[in-house]
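I have a structure open and my notebook ready. Here is what I looked up, entry by entry.

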Amino acid sequence: MIGVHARRADIDRAVRRLRRGGLVAFPTETVYGLGALARDARAVAGVFHAKGRPRGNPLIVHVADAAMARAVASAWPASAAALAERFWPGPLTIVLPKARDIPDEVTAGGRTVAVRCPDHPVALALLEALGEPLVGPSANRSGGVSPTRPEHVRAAFPASEVLVLDGGRCERGIESTVVDLTQTPLRVLRPGFIGPAEIAGVAGAEVEVGSASAGPARSPGLLPVHYAPGTPARLIDPKDLEATLAALPEGSAAVVLGPADLHIPQPHMHRTMPEGAEAYAACMYEALRESDNRRAALVVVVRPWGPGEPEGLWAAIADRLGRATAPR
Ligand code: TXA
Ligand code: MG
């Protein structure tokens with residue numbers, strides 16, 4: 001079933017565009033992806049070019065199902081089978097040894113490939129119609145905020161360059177969990193909706209969190225500055241709000257992302273954020289994007305999780321907010 005947005009004719013047009021080596025942005029449950037045929041090295045190079053993405057940052061390959069995933073990888077361990085069975089389609093990306101026919105452009109010259117099966121009817125209809133895997137980095141220019149609506153993608157790329165399949169608003173709002181199955185213990189390289197304990201339980205293996213400290217970046221999306229709005233942004237403790245606003249130069253305004261019960265004095269602006277983690281994740285990127293458009297001097301994000309280490313989905317939100325507000 002294709003949703004209310006993209007129709008059969010749109011999918012067919014997208015398939016033709018992709019088979020010619022073109023780029024098609026597609027909706028997923030997390031964020032929009034910028035698609036190109038994963039086995040077409042030139043098309044993949046086009047994705048890097050369009051995004052302005054550093055060559056060293058590998059792409060996630062999107063598949064219709066586990067069978068397509070197995071063809072992308074040169075090994076399919078029991079952990080992969082168990083995780084795919086339990087979490088696909090869904091916001092989990094697994095890293096496996098790559099198959100020979102996956103071009104080096106996709107994996108940034110590395111021997112591993114990241115694979116996921118997105119939980120969105122339009123993405124699945126596209127992948128099934130193609131019968132081929134697609135690379136799909138978030139459909140933003142490199143370093144920018146990930147897109148959660150088709151208009152975010154249209155604002156970033158000219159229509160002549162990127163065809164956008166409309167799937168409405170992305171339900172989840174932040175990118176998939178990335179877990180590397182090629183190391184022991186397994187390692188979560190990017191936190192997301194599916195947490196390390198859940199992964200460990202299903203894979204029947206130990207799971208560590210965080211990129212390995214030594215050597216070249218294992219997951220360059222984990223570099224500190226990422227997902228960032230253009231306006232300077234800061235993540236603050238709720239108790240520091242008054243002092244933060246008071247320290248701004250006379251007449252300059254901040255946009256404050258925080259709960260409904262804050263008192264925000266003029267000329268500052270208040271963007272109300274929901275209290276639950278799922279609702280927060282779903283609108284976080286959009287809120288950062290809108291704040292960026294308000295021409296404020298500063299975007300102030302009031303820490304949404306309680307004191308102490310963020311847990312569960314809050315850990316993924318904290319990761320993204322930390323990057324969006326990292327000093328530049
Ligand atoms: O939810 C998502 O994963 C979205 C949607 C569109 O599917 N895609 C996405 O792609 O977030 P991107 O390119 O923005 O982020 C991919 C992340 C980066 O941190 C990248 O470094 C990492 O996955 N990655 C890709 N291939 C890898 C590999 N072989 N080994 C380790 N990390 C890898
Ligand atoms: Mg991205």
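Before sorting anything, I noted the classes: Ala, Val, Leu, Ile, Met, Phe, Trp, Tyr, Cys and Pro count as nonpolar, Asp, Glu, Lys and Arg as charged, and the others, Gly among them, as polar. I also reminded myself that this is a predicted model.

**Entry 1: around the ligand**

With those classes I sorted the shell around ligand 1, and I got 12 nonpolar, 10 polar and 5 charged residues. Which residues come nearest? Of the 27 around ligand 1, they are Thr 30, Asn 57, His 62, Ser 176 and Arg 190.

For His 62, an N or O atom of the side chain is 2.6 Å from an oxygen atom of ligand 1. For Arg 53, I found 2.9 Å between a side-chain N or O atom and an oxygen of the ligand. Arg 190 also has a side-chain N or O atom at 2.9 Å from a ligand oxygen. Then I checked how covered the ligand is: alone, ligand 1 exposes 680 Å², and the protein buries 98% of that.

I asked which elements give two or more residues to this shell. They are strand 3 (60-62), strand 5 (112-116) and strand 9 (186-190). Strand 5 gives the most, with 4 residues.

The largest nonpolar core has 68 residues, and Trp 88 and Ile 94 have the most contacts inside it. Helix 6 (residues 121-130) supplies the largest share of this core, 7 residues.

I clicked on Ile 94 and skipped its neighbours within four places in sequence. Its contacts include Trp 76, Trp 88, Val 113, Val 115 and Leu 181. There is also a second, separate core of 29 residues, with Val 31, Met 284, Ala 318 and Ala 324 among them.

**Entry 2: after helix 11**

Thr 325 sits in the segment after helix 11 (313-324). Is Thr 325 buried or exposed? Its relative accessible area is 12%, so it counts as buried, the cut-off being under 20%. The Thr 325 side chain reaches the backbone oxygen of Leu 321 at 2.7 Å. Not counting residues up to four places away, Thr 325 touches Ala 233, Arg 234, Leu 235 and Val 301.

Ala 326 is in the segment after helix 11 too, and I wrote it down as buried because its relative accessible area is 13%. The C-alpha atoms of Ala 326 and Arg 234 are 7.5 Å apart, though 92 residues separate them along the chain.

**Entry 3: a histidine in helix 7**

His 152 lies in helix 7 (residues 150-156). With a relative accessible area of 11%, His 152 is buried. A polar atom of the His 152 side chain lies 3.1 Å from the backbone nitrogen of Thr 148. Leaving out residues up to four places away, I listed Pro 147, Glu 286 and Arg 289 as the ones His 152 touches.

**Entry 4: an exposed arginine**

Arg 55 is in the loop between helix 2 (41-51) and strand 3. Its relative accessible area is 53%, so Arg 55 goes down as exposed, which takes over 50%. Beyond its neighbours within four places, Arg 55 is in contact with Ala 45, Phe 48 and Ala 108. Arg 55 and Ala 45 are 10 residues apart in sequence and 8.8 Å apart in space, C-alpha to C-alpha.

Conventions:
Residues numbered from 1 in each chain as written. Chains lettered and ligands numbered in written order. Predicted model: local features only at pLDDT ≥ 70, side-chain atom pairs only at ≥ 80, totals over all residues. Heavy atoms only, no water. Near = heavy atom within 4 Å. Polar contact = N/O pair within 3.5 Å; in protein donor to acceptor, adjacent residues only side chain to side chain. Areas by Shrake-Rupley, 256 points an atom, 1.4 Å probe, with all protein chains shown as cover. Buried < 20%, exposed > 50% of the residue type's maximum accessible area, 1.4 Å probe, protein only. Contact = heavy atoms within 4.5 Å. Core = buried A, V, L, I, M, F, W, Y, C linked by side-chain atoms within 4.5 Å.
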